[in-house]
Amino acid sequence: MTDAELREILTATRTIALLGFSANPDRPAHGVAAFLQARGYWVIPVNPGLAGQVALGETVYPDLAAIPQEIAIDMVDVFRAPEAVPGVVDQMLAHRPEARVLWLQLGVIHPEAAARAEAAGKLVVMDRCPKLEIARLGM
């Protein structure tokens, strides 16, 4: 993915479902969510263990299907183990067809699931962090 493509994704994105959100401020999933929120993105935290709680001022949902349909998701940002990615792609395609970007965080690599998402018309960013890319691109 080129810098221009990353910049376009990060500029066009407004609402992010962040899977694997952590309530622990010392965890990367929390820090990235807070950073993105401070940059003006609407971050919807997703974590089944925290479902129903409020984190960073937002309701935490157990999965993508539970996010109300009136909330249009632009990007699904994944802080999960690589083996969870095929299930995430299944949920994204079934329940959040409007989401145009699947973003897999640093260390989250699953080429087969990424190829399936791309075949369905999704943009896929793999093994990168939006927080780091925003800083690197000077956005």
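In the predicted model, the backbone oxygen of Ile 71 lies 2.2 Å from a polar atom of the Arg 96 side chain. Arg 96 is located in the loop that runs between helix H3 (85-95) and strand S6 (101-104). Its relative accessibility is 0%, and Arg 96 therefore counts as buried, the limit for that class being under 20%. Leaving out residues up to four places away in sequence, Arg 96 touches Leu 64, Ile 67, Pro 68, Gln 69, Ile 71, Ala 72, Ile 73, Gln 91 and Lys 122.

The protein chain contains five helices and seven strands. Along the sequence these elements follow the pattern α-β-α-β-β-β-β-α-β-α-β-α. The radius of gyration is 14 Å, close to the 14 Å given by the globule rule for 139 residues, so the chain is as compact as a globular protein of that length. Taken along the principal axes, the box filled by the C-alpha atoms is roughly 35 × 35 × 30 Å. Of the 139 residues, 44% count as buried. Among the contacts with a separation of 6 or more, 63% are made by residues 24 or more positions apart.

Five of the strands form an open sheet, with parallel pairing and the order S2-S1-S5-S6-S7. Strand S2 (42-46) and strand S7 (123-125) are the edge strands; each has a single partner strand, so one side of each has no neighbour in the sheet. On average, neighbouring strands of the sheet are turned by 20 degrees against each other, with direction ignored. Strands of a sheet pair through backbone hydrogen bonds, in either a parallel or an antiparallel way. Here, S1 and S2 run parallel and are joined by five bridges. Leu 18 stands opposite Pro 45 of S2. Strand S5 (residues 75-78) also pairs with S6 in the parallel sense, over four bridges. Val 78 stands opposite Leu 104 of S6.

In a regular strand, side chains alternate between the two faces of the sheet. Strand S6 is covered on both faces. Val 101 and Trp 103 are buried on one side, and Leu 102 and Leu 104 are buried on the other.

The largest nonpolar core has 24 residues, and those with the most contacts inside it are Leu 10, Leu 18, Leu 36, Tyr 41, Met 75 and Trp 103. Two or more residues of this core come from each of helix H1 (3-12), strand S1 (15-19), helix H2 (28-38), S6 and helix H5 (130-137). Helix H2 provides the largest share, five residues. Another core, of 23 residues, lies apart from this one and includes Leu 64, Val 89, Ala 113 and Ala 117. Leu 18, one of the residues with the most contacts inside the largest core, touches Ala 29, Val 32, Ala 33, Val 43, Ile 44, Pro 45, Val 46, Asp 77 and Phe 79, not counting residues up to four places away in sequence.

What are the buried residues of H2? They are Ala 29, His 30, Val 32, Ala 33, Phe 35 and Leu 36. These buried residues pack against S1, S2, S5 and H5. Just after H2, Gly 40 takes a positive phi of about 100 degrees.

Val 124 is placed in strand S7. Its relative accessible area is 9%, and Val 124 is therefore buried, as the value is under 20%. Apart from neighbours within four places in sequence, Val 124 is in contact with Met 1, Leu 102, Ala 114, Ala 117 and Glu 118. Val 124 and Asp 63 are 61 residues apart along the chain, and their C-alpha atoms are separated by 19 Å.

Ala 119 lies in helix H4 (residues 111-119). With a relative accessibility of 70%, Ala 119 counts as exposed, because the value is over 50%. Ala 119 and Pro 28 are 91 residues apart in sequence, and the distance between them in space is 30 Å, C-alpha to C-alpha.

Notes: Residues are numbered from 1 along each chain as its sequence is written. This is a predicted model: local features need pLDDT of at least 70, side-chain atom pairs count only at pLDDT 80 or more; totals for chains, interfaces and linings use all residues. Side-chain values use heavy atoms; hydrogens and water are left out. Buried means under 20% relative accessible area, exposed over 50%, partly exposed in between (1.4 Å probe, protein chains only). A polar contact is a pair of N or O atoms within 3.5 Å; within protein, one must be able to donate a hydrogen and the other to accept it, and residues adjacent in sequence count only if both atoms are side-chain atoms. Contact means heavy atoms within 4.5 Å. A nonpolar core is a set of buried Ala, Val, Leu, Ile, Met, Phe, Trp, Tyr and Cys residues joined through side-chain atoms within 4.5 Å. Two strands pair if DSSP finds at least two bridges between them. Axes are lines fitted to C-alpha atoms, for helices over the stretch in contact, and angles run from 0 to 180 degrees between N-to-C directions. The radius of gyration is taken over C-alpha atoms; the globule rule is 2.2 Å times the number of residues to the power 0.38.
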